[in-house]
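The following exercises are meant to be worked through with the sequence and the coordinates open side by side.

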Amino acid sequence: MAAVKAPAQTSTEPLLALQGVTKRFGSLLALSDASLDIMPGEVHCILGENGAGKSTLCNLIFGVHVPDQGAMRFEGRSYHPASPADALTSGIAMVHQHFSLVHDMTVVDNVILGQQRGFVNTRAWAQRLERLANDYGFALDPNAKIDDLSVGERQRVEIVKCLIREPRLFLLDEPTAVLLPDEIGALLDICRRVAENGCAVVLVTHKLAEIKKAADRVTVLRGGRVVARSDHPAEEIDALVRAMIQGDLKSLDKSAASMLGVANGGADRAREAVPAETPPQEAVQIDGLTVVDGQGVTRLDNFTLSIGPGEIVGVAGVEGNGQSELAAVISGMAKPSGGHVYLGNVETTDLNPKELTAVGIGVVPEDRHSVGCVLEMSVAENMFLNRLGDFTSFGFLRRRELTQAARALMTRFDVRAASPEVAFSALSGGNQQKAVLAREITLPKLSFLLAAQPTRGLDVGAVAAVYGHIRAACASGAAVLLISSELDELIAVADRIVVLYRGRIMGNCTAEPSERERIGAMMAGHAQ
Amino acid sequence: MTDAAVRASMTKSRRRMLRPSIVISVAAVLAAALVGLVLIFALGVSVSEAIAAFIDGTLGTPYAIAASVNRSIAFALVGIGFVIANRANLVNVGGEGQIAVGGIAATAVALYGHVDGLPAALSFVIPLLAAVLAGMLWGSIAGILKIKAGTNEVISTLLLSFIAVWLLYWCVQSPQLLRKPMTSSATLPESLEIPEAAKLPLLTGDYSFPVHIGLPVTIVIAIVAGIVLVKTVFGLQLRAVGFNPVAAGRAGISYARMVMVSLATAGALGGLAGGFMLLGEQYVLKDGFSSGYGFDGLVAGLLARGSVVGVIAAALLFGFLRSGGINMEMVAGVPTALVMVIQGLIVVTLAGAAFFMGRRA
């Protein structure tokens, strides 16, 4: 264990102590011999990449899973919860990554659910709620419907649901992933206040900026093991990152680093050398694209944008503001209610996916598993799913050739799998995404690449690789539309950014770190 | 923990667990047979007599063997059709109706299509083609409903079967359609016998072993189907649509085309089975001639778990079971229902075994 610093001597007893906790899922060692102390009144961050065991750790503490080995002590007593209900009665509450709210009900009804039986005095509960929100310095209308709330407000409802139980340990699993920049700040403030009231807060994250801002202490997980701890995280960020990704910060792609919040601005946007022979360069023109859904709600409103060859335009916005509809229309999966898309002189609005592939439009879909690949089929089959015809004689598949081509592509794009023949589901998320990207980027005469949330759920190494490939596609003359809910990612990779809010373009700006706040405000619907 | 990794390890172990499925299948068949024997004993029938009757009805005479094989041909064709559609994640339960329309079309063309004077094989090939087309039409209706209206193919193929079965009834009841001329009030509700030239040639040419040319045709179809499913791009695309129609669509594989082709093919094979039954064994169209065949074929396809070889094995098993069962009833007085019970037990045992294997992994 490469301790960044020997833990400081503590005067008080730990609130929660984990000793040598191990958890396996089948052959997968999710958490191995993890030991951890949580002190009362501290904000303790658990840092680690995807798959490092962070969520497993939370789920063990919250009683979702039972550890295979090791012991937990809570408030000095042996603690072994069999279910979340046990954890709640012991005084441990958790906000999950995915909310569990009843959308048609009000805030106060959602809070009452599961806390009380029999007759309910809704007004008293509402008053209690308001008092609580007041204590922690945020506003929450108890009578608002969940449907009318923003994602950040919904998260506050989840937080209130926990805090009203007056927990002594408060777990938050990746709470900032869904939030706007200023909402993140507010959340961290709430965490601080909760800790000041004597409750311990465990905050799971992979973003270093949050650690700098809020953490008293940090524990770093990698591959299910505790690899570092720090009592002064703000001063030891570099060492923590090294421990998290097991590598040097300098070797890290600068954009990926800025996404983690370790490098401030200065994202290296230098392009790789342009190949000597570039394909015909076509500009993309999107003209007044409008999508009205089955309920008559306008999901995308008069979206107009042009992308030059070799340009990366980012689409920022909180999820659900028209990005999915935009991507679906461009990729030929849905018909727009109005508007046109042109690639050069060719109108592509009504082309089907096969024809889009033929004219050189590559698509990295937002939902990798349901649109990007067929998990049950082999890696090779998936990597050429849209071009199986290239490996056909008289209808028969030339499987050996397909396998060889796939192997070559896997080497080029660093897709790690035992062989091209293994099921796609056997690949890690990062490798799956690289494979999808490889398929779409190597389209013959690629002139337009649409990448929607291309780094979601990927670890740092894979993120860097994805950025590299997107830049390479752009360097060879393709127009790139990058849809992402990670503002840092857009600032790092795109040339300019348009902001979507409720289906409309709120504004257009250059992708500079100095524009962050302006973009954040536009994402929240404030016209600039 | 990445759930992809967990899922991968699960799929891998599940595959490994299901590898010895032949052993399980044989065990299931034996277990079901044992239960059958116990039931026969409980009925108070002499077990040895029943077994003797069963063997006599399946393997006892060349005629019995041939009858069992002919029965298996129909099961196999419907089963192969089921497997093809199932690759695209479609469940064709309409074998019964597809057989019925195939039989109707074959009879109609054989009787009234002036095929009698045609040269050589055409006089039975043309009625067979009519049967194939009729079945294909029946399967395509379900395909169109699925694509245009999103109708679940389980519902549409099942209901189309009812339509076909009642269409058959109408055809044999109505003298304006296929009923033979009414000469007296005792005229049976059935068609005339098809002309000699339209009857399928027998492999041996000998009526004591009446296996018709449907056997080699079915073997060829099974081989072709196996190759198409495993070796061709079409087979791969069918699989892609079956696993993930959205991703397949994004990759340019037309869902509509795959649904149409697979349901039409399944229907065509059902129609062919009906044609074989009419032109190869029964020669006269009667009400209920397809009864049970479609569903037994469906079960054969279901048990085969996507393998064409498996379909053949299951079809043979059911073909011989049925023949033996009929003889048991006639000779030993064991109700045929018992054979159905045994068949059902085999299905339940196999499905249960697969379920528990899956769970253990």
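**Exercise 1.** How many bridges join strand β14 of chain A to β15(A), and in which direction do the two strands run relative to each other?

*Solution.* The model examined here is a predicted one. Begin with β14(A), which covers residues 338-343: 2 bridges join this strand to β15(A), and the two run antiparallel. For a residue-level view of this pairing, take Y342(A), which stands opposite E347(A) in β15(A). Next, widen the view to the sheet, where 4 strands of chain A follow the order β12-β11-β14-β15 with antiparallel pairing, and the sheet is open. Its edges are β12 (298-307) and β15 (346-347) of chain A, each of which pairs on one side only.

**Exercise 2.** Describe the side of chain B that touches chain A.

*Solution.* First count the residues: the contact takes 27 from chain B and 38 from chain A. Then assign them to elements, of which α1 (3-18), α9 (233-243) and α10 (245-250) of chain B each give two or more residues to this side, with the largest share, 8 residues, coming from α1(B).

**Exercise 3.** Why can chain A be called as compact as a globular protein of its length?

*Solution.* Chain A contains 18 helices and 22 strands. Its radius of gyration is 25 Å, close to the 24 Å that the globule rule gives for 528 residues, and it is therefore as compact as a globular protein of that length. The C-alpha trace of chain A spans about 70 × 50 × 45 Å along its principal axes, and buried residues account for 49% of the 528 residues in the chain.

Methods. Residues are numbered from 1 along each chain as its sequence is written. Chains are lettered from A and ligands numbered from 1 in the order in which they are written. This is a predicted model: local features need pLDDT of at least 70, side-chain atom pairs count only at pLDDT 80 or more; totals for chains, interfaces and linings use all residues. Two strands pair if DSSP finds at least two bridges between them. Two residues are in contact if their C-beta atoms, placed from the backbone, lie within 7 Å. The radius of gyration is taken over C-alpha atoms; the globule rule is 2.2 Å times the number of residues to the power 0.38. A residue is buried if 20 or more other C-beta atoms lie within 10 Å of its own, exposed if 12 or fewer, and partly exposed in between; C-beta atoms are placed from the backbone.
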